[in-house]
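I opened this entry to record what I looked up, element by element.

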Amino acid sequence: MGIKNLSQVIADNAASALKLNEMKTYFGRKVAIDASMCLYQFLIAVRQDGSQLQSEDGETTSHLMGMFYRTIRMIDNGIKPVYVFDGKPPDMKSGELEKRTEKRAEAEKQLVEAREKGDAKEVDKFERRLVKVTKQQNEEVKKLLQLMGVPLVEAPCEAEAQCAALVRHGKVFATATEDMDALTFGSNMLLRHMTFSEAKKMPIKEFNLARVLEEMEVTMEQFVDLCILLGCDYCGTIRGIGPKKALELIKQHKDIETILENIDQTKYPPPEDWPYKRARELFLQPDVANDDDITLNWKEPDVEGIVEFMCGEKNFNEDRIRSSLSRMQKSRNAGTQGRIDSFFTVSAQVKCTTAAKRKAAEEKEKAKKGAAKGKAGGPPAKRRPK
């Protein structure tokens, strides 16, 4: 789920933090990608076409097709992808996982009913709701990426948290995922639609966390509390408080503790035994791999190994696979040119004027102009008698 309505809250209250770009904008950039999100997208996309890609023995291979061709497309655009795989979900996510299990059970019932009625549209809808990435599909994709020479990272817990850590430590430029909680985990840059933007003719949405905090005039800790109020995977929310009210309360009271002390809890009842403090801790101090233990290396692809795996084992067309690999190799060679800004040293911390300071400066400038205008518009000088 990520964070409910966060994208819209940012669009409404920190418009300068959101940009729409093409994939080629990120030439020379290293990007950490939420692998599980990608695999789910690939499986869903093929189901929408009504033609699930399978090997001769009936095994689904659409996840391999999607990962192979989309990765090559990113490399064609000069991007260096790093795929991050989910580890064990935190205990606090158990409630959200139980809800998803219940929804799957309900979808299975509705799927049976749709099949009995012969409603193809409803059948397709509920089949897509039941798509789940399997352990085998994960392992197959890891094997393919290793053969392609693309680095992968296995997160101890949430992939989005690990991606955010890679961004914070300067190992990559941005996190690519559809889940907005990458920002809550502290990813300075979030890219949505990265893995399917060109295929669906959609722009990539770039969210800049520093600008979000600046325009909203909140600290990172206050932003995390805002995200908890909006709705996250770890705990419930205060009933009756929507996105607009949540931001107003954070700006007024600064944290959830003070909000709870000042709101009418009969009108806005919080969940019983609300574990918001633990949720806050998971966002601010997530379980991620030690930065020193992660080395990202992009290697030469094992062409024959890929052909053996994709064509020999999974029945992909050899000519197409070899042609795509040849194109990828040319793009890799061209990509060594890098971005021009990589030749300069960039400070890890960027100082920026806060919105409040800018507003004060603008008011000061207006006052100066008003004073100057007053002098210019004063009474005319008396004419000397002839």
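**Helix α7**

I listed the buried residues of α7 as Ala159, Glu160, Ala161, Gln162, Cys163, Ala164, Ala165, Leu166 and Val167. The model is a predicted one. That list makes nine of the ten residues in α7, so I call the helix mostly covered, taking buried as under 20% relative accessible area. Next I asked: what covers the buried residues of α7? The cover includes β2, β3, β4, β5, α8 and β6. I also checked what follows the helix. Gly170 comes after α7, and its phi is positive, near 75 degrees.

**Overall counts**

I stepped back to the whole protein. I count 16 helices and seven strands. The protein has 386 residues, and 44% of them count as buried.

In what order do the seven strands run in the open sheet? I read β1-β7-β6-β5-β2-β3-β4, with mixed pairing. The edge strands are β1 (18-21) and β4 (152-154), each pairing on one side only. From one strand to the next, the twist averages 25 degrees. α7 packs on this sheet, where it touches β2 (30-34), β3, β4, β5 and β6. The direction of α7 makes about 170 degrees with that of β2.

β1 and β7 pair in the antiparallel sense over four bridges. Lys19 has Glu206 in β7 as its bridge partner. β7 (residues 204-208) is also antiparallel to β6, and four bridges join the two. Here Leu190 is partnered by Phe207 in β7. On β5 (residues 174-176), the pairing with β6 is parallel and has two bridges. Thr175 stands opposite Leu190 of β6. Phe85 has Glu154 in β4 as its bridge partner.

Is β6 covered on one face or on both? I found both faces of β6 (residues 189-192) covered. Met189 and Leu191 lie on one side, Leu190 and Arg192 on the other, and all are buried.

His193 lies in the loop between β6 and β7. Is His193 buried or exposed? Its relative accessibility is 10%, so His193 counts as buried. I then looked up the contacts of His193 beyond four places in sequence. They are Glu178, Met202, Pro203, Ile204 and Lys205.

**Nonpolar cores**

The largest nonpolar core has 46 residues. Which of them touch the most other members? I noted Ile10, Met216, Phe223, Ile228 and Trp274. Several helices each supply at least two residues of this core: α1 (6-13), α7 (159-168), α8 (181-184), α9 (209-216), α10 (220-230), α11 (243-253), α12 (256-262) and α13 (276-284). α10 gives the largest share, eight residues.

Leaving out residues up to four places away in sequence, Ile10 touches Ala15, Ala17, Met180, Leu183, Phe207, Val212 and Met216. There is also a second, separate core of 38 residues, which includes Ala176, Leu191, Met194 and Met310.

**Helices α6 and α14**

α6 (residues 135-148) and α14 (residues 303-313) pack at an angle of about 145 degrees, and their axes are 8 Å apart. From α6, the residues in the contact are Glu140, Lys143, Leu144, Leu147 and Met148. They meet Gly305, Ile306, Phe309, Met310 and Glu313 of α14. By class, this contact holds six nonpolar, one polar and three charged residues. Met310, in this contact, is also listed in the second core.

Methods. Residues numbered from 1 in each chain as written. Predicted model: local features only at pLDDT ≥ 70, side-chain atom pairs only at ≥ 80, totals over all residues. Heavy atoms only, no water. Core = buried A, V, L, I, M, F, W, Y, C linked by side-chain atoms within 4.5 Å. Buried < 20%, exposed > 50% of the residue type's maximum accessible area, 1.4 Å probe, protein only. Contact = heavy atoms within 4.5 Å. Pairing = 2+ DSSP bridges. Axes fitted to C-alpha atoms, helices over the stretch in contact; angles between N-to-C directions. Nonpolar A, V, L, I, M, F, W, Y, C, P; charged D, E, K, R; others polar.
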